[in-house]
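Hello,

Here is the structure I promised to pass on. Have a look at it first, and then read on for what I found.

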Amino acid sequence: MAKQILLIEDEAAIADSVVYALEREGYAVRWHTLGRAGLADFAQAGADLLILDVGLPDQSGFDVCRSVRQSSAVPILFLSARADEIDRVVGFELGADDYVPKPFSPRELVARVRAILRRGQPAPETGHVLKHDTLRAQISLQGRPLELTRYEYRLLAALMAEPERVFSRAQLMDRAWDEPEASFERTVDAHIKSLRAKLRERDPLFDPIRTHRGLGYSFSWHKP
């Protein structure tokens with residue numbers, strides 16, 4: 001059965017491109033232009049994921065998120081023409097799973113949607129239990145939270161979100177660092193090294209981060 005996505009976006013041109021891109025990937029999309037109409041739809045039919053525009057005509061996407069979070073942990077992705085850090089922080093503090101600034105590539109949005117929905121699926125049975133609690137920004141291994149720095153957490157979360165995908169160092173820097181242009185690619189290598197050490201300290205047989213020489217890194221549940 002197709003995953004149900006509820007889109008609340010008042011700009012028709014943007015909504016049309018989002019609906020088209022998602023439906024091409026096999027998702028079922030319901031679209032509303034107002035927050036209240038979207039909330040009524042969600043209360044009646046639910047959804048597997050919500051995509052919310054921050055600047056809606058009747059209420060902000062943040063208000064819609066607050067209402068949803070009173071009774072549901074459904075994944076939420078924000079769209080916004082405002083790229084200020086404070087808006088991203090507010091969104092994540094309210095319980096958002098991702099935040100995409102406009103303008104954006106529909107292909108990238110689909111990839112982010114796929115990654116969010118994949119997080120809710122059980123990991124393959126490998127004997128190594130690694131869980132990502134996005135609401136608490138916490139990753140646990142074998143039932144115990146890992147003591148990760150901010151950048152270690154962001155790197156591991158990015159890798160886990162898309163298993164088997166090979167990320168270049170630049171791509172990982174874009175996802176983990178607030179100002180990637182101020183950092184060096186070797187910084188990624190150093191944080192990956194410390195991440196591996198912390199994972200092995202908890203479970204010596206668990207080494208899910210793969211190095212692809214000349215390319216970057218990936219996350220895999222399967223043994224090399």
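Leaving aside its neighbours within four places in sequence, which residues is Leu 159 in contact with? In this predicted model, Leu 159 touches Phe 167, Leu 172, Ile 192, Ile 209, Tyr 217, Ser 218 and Phe 219.

Leu 159 also belongs to the largest nonpolar core, which has 25 residues. Leu 159 is listed there among those with the most contacts inside the core, together with Leu 130, Ile 139, Leu 172 and Val 188. Two or more residues each come from strand 7 (138–141), helix 6 (150–161), helix 7 (169–176), helix 8 (185–202) and strand 10 (216–219). Helix 6 gives the largest share, seven residues. Another core, of 21 residues, lies apart from this one and includes Val 19, Ala 21, Leu 79 and Val 100.

Three strands form an open sheet in the order 6-7-8, with antiparallel pairing. Strand 6 (130–133) and strand 8 (144–145) are at the edges with a single partner strand each, so one side of each has no neighbour in the sheet. Strands 7 and 8 pair over two bridges, and Leu 141 stands opposite Arg 144 in strand 8. Helix 6 packs on this sheet, where it touches strand 6 and strand 7, and its direction makes about 75° with that of strand 7.

As for the whole chain, there are eight helices and ten strands, and 45% of the 224 residues count as buried. Of the contacts with a separation of 6 or more, 55% are between residues 24 or more positions apart.

Enjoy exploring!

Best wishes

Notes: Residues are numbered from 1 along each chain as its sequence is written. This is a predicted model: local features need pLDDT of at least 70, side-chain atom pairs count only at pLDDT 80 or more; totals for chains, interfaces and linings use all residues. Side-chain values use heavy atoms; hydrogens and water are left out. A nonpolar core is a set of buried Ala, Val, Leu, Ile, Met, Phe, Trp, Tyr and Cys residues joined through side-chain atoms within 4.5 Å. Buried means under 20% relative accessible area, exposed over 50%, partly exposed in between (1.4 Å probe, protein chains only). Helices (H or I, at least four residues) and strands (E, at least two) are DSSP runs, numbered from the N terminus. Contact means heavy atoms within 4.5 Å. Two strands pair if DSSP finds at least two bridges between them. Axes are lines fitted to C-alpha atoms, for helices over the stretch in contact, and angles run from 0 to 180 degrees between N-to-C directions.
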